[in-house]
Amino acid sequence: MARHPHAPRLSPVVLASRREILARSALGIGGIAASLLARSESRGSEPLGDGGAATIDPLRPLGPRSPHRMGKAKSLIVLFQYGGPSQVDLFDRKPLLETLAGQPVPDSIKGISDQVGGVINHCKDSLLCPPWAWRQYGECGLWVSDRMPLTAEHADRLCVVRSMHSDSSNHAPATYQMNTGSILGGKPSLGSWLTYGLGSENDNLPGYVMLFEVGGLGGSANWSNAFLPAAYQGTRFRHDGRALANLEPPPGFAPVQRSTLDLTQAFNRGHLGGRPGQPDLEGRIATYELAYRMQAEAAGVGDLADESAETRALYGVDDPHRPTASYGRMCLLARRLVERGVRVVQLYNAVDKYGWDGHDKSHDFHERNSRQTDRPTAALLADLSRRGLLDETLVVWGGEFGRTPMEQGDGGRNHNPYGFTIWLAGGGVNGGRSIGATDEIGLRAVEDRQHVRDLHATILAAFGLDHERLVFPHDGRDERLTGVLGAARPIGGVLG
Amino acid sequence: MMTGARHRNPRSRLLAVVLIGALWGPFPAKPALAADPALAGRIEALLAVRCGECHAGDDPQGGLALDSAAAVARGGESGPVLVPGDADASLLVRAIRRQDGGVSPMPPDEPLAADELALVEQWIASGADWPTVVTEGEDDGSPVGSAWDDSRNPVMRRWRGEWIDLWSFQPLERSAVPSTRGNEGRGTPPDGVPAVIDAFLEARLADRGLRPLPPADRRTLVRRMTFDVTGLPPSPDEVESFVADETPDAIERLVDRLLASPAYGEHLAVTWLDAVRYADTNGFERDELRPQIWRYRDWCIEAFNADMPYDRFLTEQLAGDELVGEVPADDVDSGALVATGYLRLGPFDSTAPIFQEAERHRAELLAEIVSTTGSAVLGLAMSCCNCHDHKSDPLLQSDFFRIQACFQGTDAREMPIDLPAVTAEIAAHNEPIQGEIAAARAAREMAEKRLEAFPSPPDGVAEAAEAVGQRAQVQAEISALEERVAELTATLRSATLAEVVSEVAEIPATHLLAQGSHRNPREEVVPGVFAVFDPAPLAHSPPPGGRTSGRRLALARWLVSDANPLTSRVIVNRVWQRLFGRGIVATPNDFGFRGARPTHPELLDWLACEFRERGWSLKDLHRSILLSAAYRRSSVPTPDDDDARPLDRDNELLWRQHPRRLSAEAIRDSLLAVGGLLRAERGGPPRWPPVAEEILHANPAILEFLKEGADGRPQGWNAQPVEETFVRSVYIVRKRSLPLPFLQPFDLPDGVNPCGRRDVTTVASQSLNLLNDDLVLRAAEGLADRVERALGDDVDAWPAAVVRLALGRAIEPEELEAAADLVDRHIAIHQSSPGQASPGDQRGGTAARRALVDLCRAILNVTEFLHVD
């Protein structure tokens with residue numbers, strides 16, 4: 001049989017790792033004699049393979065791995081602004097909106113209405129002016145509205161991208177895209193890709209933690225591992241810091257938890273003894289010990305008693321009735337998690353199912369959400385910085401899309417995936433920089449346009465990962481976060 | 001026409017090769033064939049993605065189309081854009097380099113990445129060949145044959161025959177069975193299918209000098225076989241009676257008993273539901289329940305239990321309505337309608353129309369059905385072809401849309417599926433009741449009018465007592481009538497509804513979509529199958545008396561026809577994978593070049609032929625494999641077998657069985673079974689186990705519907721009392737935005753991606769669930785109940801009973817010692833700290849009872865409970 005001209009381009013490393021995964025974990029064969037417990041104490045990093053696919057030790061899927069090249073970022077915190085914050089009310093000042101408040105959309109913009117899909121049809125032919133005062137901040141002179149005054153104090157740390165665009169004006173598909181790259185869901189999320197690529201630095205906590213009161217529309221597909229191994233799925237912690245899903249022994253069982261587990265493990269060792277070289281049996285024994293240690297470690301993460309009064313005040317978490325209490329607590333938890341070596345923390349701002357989603361009375365939504373989030377966001381940046389963590393912690397702020405400059409309903413704004421703003425800070429990001437621009441009313445990205453997949457490529461690049469080489473063979477192709485089309489590239493100017 | 005017969009003849013294959021050679025010879029001086037088809041293919045895709053939005057089709061911008069060889073060669077209004085061999089001189093390159101003031105930078109929005117730019121330059125430098133070969137003067141007008149037989153086949157033009165040697169596309173041929181070698185019966189032909197399986201396997205083992213392991217002991221075998229066939233553990237009695245059964249046909253009888261159990265269909269259904277990414281809800285923002293789709297799940301289970309032939313099983317799913325017409329004549333017909341639920345299993349975004357994305361979503365749904373059918377039925381990774389010709393398999397993008405055209409008219413609806421007699425019965429039953437309801441309503445209206453007619457007394461004047469009484473009387477009358485209407489309504493019988501698929505009257509044209517985007521329609525295509533097999537349009541006609549086009553039925557018939565070698569290979573491989581932990585092809589959803597090669601291709605083909613010839617019986621296939629010596633082998637090598645390991649570390653040649661971990665469902669079902677909690681109920685609407693409020697409230701899809709319904713329960717998650725949900729896991733609701741927290745960590749598929757083979761991972765959240773979840777505590781309580789019922793407070797006998805009930809074996813002396821020690825120590829602990837708060841009454845009982853529960857909890861956590869040898 002003739003050799004196929006386009007024989008599979010999987011690198012040997014991928015084949016080896018797939019083979020090993022199949023052989024070791026699924027079929028229970030392999031020659032791993034070393035004790036997993038001993039191994040999990042070691043801190044060695046295994047490099048990614050030449051082909052970019054991670055070689056995964058099935059006994060220690062979260063073991064740290066080194067990236068394709070040096071990257072400054074070691075941890076990621078995503079501050080997901082669910083519902084779609086309005087760029088023209090926060091970080092994308094458009095003086096023309098003040099001039100044209102209440103007036104029809106300029107003809108020059110109407111001319112491109114076929115490029116902005118349905119959203120324009122749902123709006124009035126009338127521009128809605130942001131009622132906020134704007135000021136310039138930092139040496140860079142970044143314009144920010146007075147809805148984000150405390151975050152704005154960090155202007156010289158922020159890299160603001162004002163020319164984002166994405167593919168759906170509907171919450172669930174847009175949220176899927178921001179998290180997984182695909183508007184249909186069913187693909188691994190950004191956090192899953194990062195933990196697949198790099199593992200985590202703490203064996204006693206999940207590598208990828210979700211924090212929210214109300215998660216994004218579309219549910220678990222937003223933090224799904226999809227076809228990546230289950231070790232890389234997002235694990236939800238409550239916003240009070242307790243991990244969900246059976247972290248603690250049920251009431252009444254705590255006093256006997258250890259001795260019960262000891263009997264289980266005695267049986268397990270006996271079972272393994274008759275079946276040498278079955279790593280999944282070894283792995284099971286090890287994960288029981290890990291689970292036991294997690295009970296202690298994860299409980300400690302949520303206990304804020306060891307934070308100073310000053311720090312608690314900084315995040316605004318002291319008074320449970322303050323609007324900042326919930327988001328502040330999540331931001332503080334995010335810092336505590338990355339401090340402990342967790343690779344990815346993603347939190348959602350929403351305390352209800354609306355978030356920033358102001359189809360009517362948009363200003364009220366922005367008033368409320370900024371009051372809840374501005375202080376904690378600023379606190380997180382300040383706190384990471386003074387602890388020396390900001391250099392290696394990439395912070396990304398943004399929603400699934402932005403909003404229209406045109407009015408919808410009664411003082412509302414519609415969804416807008418055609419032009420919106422996100423910002424990045426820390427983790428090797430060039431602070432004090434702005435990239436790209438929307439048109440004169442802030443509707444559509446026109447200069448230096450950046451797609452969501454470019455943002456994803458940028459985030460991976462901050463960690464030293466090449467988005468085209470971080471692949472996983474699935475369903476006949478090498479899947480990657482940025483899709484198989486090859487059209488993504490890191491946003492120029494973001495990383496130093 | 002596809003030429004199954006010619007194709008099967010090796011000589012015609014040879015002839016075809018010769019003809020191809022002859023054809024290439026006299027090609028024109030400059031064949032329009034890319035020097036490097038891979039490069040040309042990538043360029044075609046790149047130009048389609050990055051330029052196709054404007055520069056393609058009949059009326060491209062600037063007159064420049066970049067979607068065919070001819071168009072590229074022609075150039076645009078500014079003249080030719082390419083100088084083959086000279087990238088720097090090409091207008092196209094100057095535009096995409098964006099450094100030339102005289103040329104508009106392209107693409108206007110997003111520059112090409114450096115590697116993309118380099119690719120275009122390389123392509124032009126190497127001659128700018130276009131992938132599609134245009135042959136001239138060869139067409140004599142006769143029908144074009146398969147790629148193996150006819151050089152005019154589009155796949156031959158596209159790739160010059162380089163890819164058609166894909167093993168899974170080769171005709172299915174019954175390979176010669178090796179003579180049995182080894183110790184037993186040297187040189188004799190094997191007798192019966194199980195022996196044939198062993199002959200194939202053992203021939204390969206002998207070639208490699210590998211000695212297979214001996215059979216597993218009977219205790220191991222009955223446990224393995226029961227889990228593999230039913231997904232449930234054997235009861236201790238079933239274990240003991242099989243171990244004690246010394247009759248020669250004990251194994252045959254065990255296999256027959258298991259295959260006859262309804263649990264067989266329940267367990268096999270999980271495999272199929274994975275492959276077709278079944279869920280009970282829509283997914284996306286609202287993730288609504290599909291209230292009737294469970295009937296499809298039950299139909300699958302019943303079909304497997306009745307051993308419906310697999311070809312029929314597929315045909316009903318693709319075209320049940322075309323097979324039986326819209327009004328079912330019997331239960332089989334009703335089932336065929338329910339089966340079409342297959343076509344609407346995919347995720348569905350009900351909010352797409354709000355944002356005028358309905359058209360986009362419709363295109364996605366259609367594409368998704370093609371991809372799912374490709375992976376589930378054909379084992380082909382077809383989603384690549386939605387955007388471009390396949391990059392490694394001989395599949396064209398147009399193939400994707402030809403198959404999509406078969407589904408183009410699908411129309412999802414909720415429809416009654418009752419038989420005419422039942423419909424008539426319901427009508428007869430309802431008619432008088434509806435009459436009474438109408439009468440009661442009329443009477444109520446009259447009463448209301450009377451009420452209105454009462455004169456209101458003037459302001460400040462008290463109403464006369466008599467008037468008050470009369471008014472009250474009428475009001476009472478109205479209430480009584482309303483009650484009567486409600487009572488009567490409750491006695492109405494309703495039709496049985498199912499979520500089915502039919503076809504719209506006017507099927508819209510199907511267009512190939514450039515880059516898979518609904519905004520870039522290209523040439524129209526008509527229904528067809530893979531051009532490599534048959535490039536002609538798929539012959540179809542409306543079924544007798546039907547009003548559908550017959551497209552789906554024709555497709556289904558082709559899928560199960562002799563012309564298609566994939567379908568039977570794929571299902572045989574799936575069954576093999578269930579019983580050995582790995583398929584003969586390790587990638588069950590990818591039989592393409594990028595998938596795994598079969599470890600035993602001759603065996604796979606022999607079994608696929610046998611399967612077809614024996615009427616596509618899945619039970620037969622299971623039976624044959626289960627009775628093979630290979631299936632029954634031990635999975636645990638002894639130190640004596642160390643010589644075998646380096647020879648075949650991955651056990652590809654099956655010198656032993658593969659040990660395996662139970663699936664998520666089997667773990668939960670085993671816990672319920674061993675705890676004595678598993679209910680015998682089968683089928684019906686999905687059950688909704690309670691889930692923590694904080695999980696429900698964090699899911700906006702549930703918040704959306706959290707407005708309470710009439711029964712006071714949230715609408716997004718219809719939690720039931722937990723005991724009512726103690727049915728097999730296949731009946732638990734699959735909500736796409738919220739997988740059941742207990743099952744999910746055990747590698748439950750996401751219900752969005754078709755899953756041909758579950759991952760088996762070992763993660764901490766599994767251990768946390770098994771240690772701490774309420775379900776495990778209840779199972780431990782239930783197991784303790786069983787022990788207490790049998791032994792009372794004979795504490796010393798407890799450990800042996802727990803091990804026997806949970807693991808189906810006798811306890812070992814050192815285990816007994818450790819377990820007895822735990823019981824003693826825990827009795828002491830519980831005596832000193834009685835009466836702690838607990839969920840439910842789970843920490844109730846005496847100190848001894850509580851120690852027994854602890855023992856049960858420890859044993860339900862052991863690896864031996866979760867793994868099968």
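Tutor: Angles under 35 degrees count as roughly parallel, over 145 as roughly antiparallel, 65 to 115 as roughly perpendicular and the rest as oblique. This is a predicted model, where local features need pLDDT of at least 70, side-chain atom pairs count only at pLDDT 80 or more, and totals for chains, interfaces and linings use all residues. Residues are numbered from 1 along each chain as its sequence is written, while chains are lettered from A and ligands numbered from 1 in the order in which they are written.

Now the pair. Helix H16 of chain B covers residues 358-378, and helix H17 of chain B covers residues 397-407. Helices here are DSSP runs (H or I, at least four residues), numbered from the N terminus, and strands are E runs of at least two. The two axes come within 9 Å and cross at roughly 110°. Axes are lines fitted to C-alpha atoms, for helices over the stretch in contact, with angles from 0 to 180 degrees between N-to-C directions. H16(B) and H17(B) are therefore roughly perpendicular to each other.

Which residues meet? H16(B) brings Leu366(B), Ala367(B), Ile369(B) and Val370(B). H17(B) answers with Phe400(B), Ile403(B), Gln404(B) and Phe407(B). Contact means C-beta atoms, placed from the backbone, within 7 Å. By class, seven of these residues are nonpolar, one is polar and none is charged. Nonpolar covers Ala, Val, Leu, Ile, Met, Phe, Trp, Tyr, Cys and Pro; charged covers Asp, Glu, Lys and Arg; the others, Gly among them, are polar.

Step back to chain B. Its five domains are domain 1 (4-169), domain 2 (178-247 + 565-658), domain 3 (309-417 + 500-559), domain 4 (424-495) and domain 5 (771-868). These bounds come from an automatic or database domain assignment. Four residues of domain 1 of chain B touch nine residues of domain 2 of chain B. On the domain 1 side, three are nonpolar, one is polar and none is charged.

Leu855(B) has its own partners. Beyond neighbours within four places in sequence, Leu855(B) contacts Trp798(B), Pro799(B), Val802(B), Ala819(B), Leu822(B) and Val823(B).

Chain A has 14 helices and 19 strands. Where the two chains meet, 84 residues come from chain A and 98 residues from chain B. Helices H1 (12-26), H7 (171-180), H9 (257-273) and H10 of chain A each give two or more residues to the chain A side. That side holds 40 nonpolar, 32 polar and twelve charged residues.
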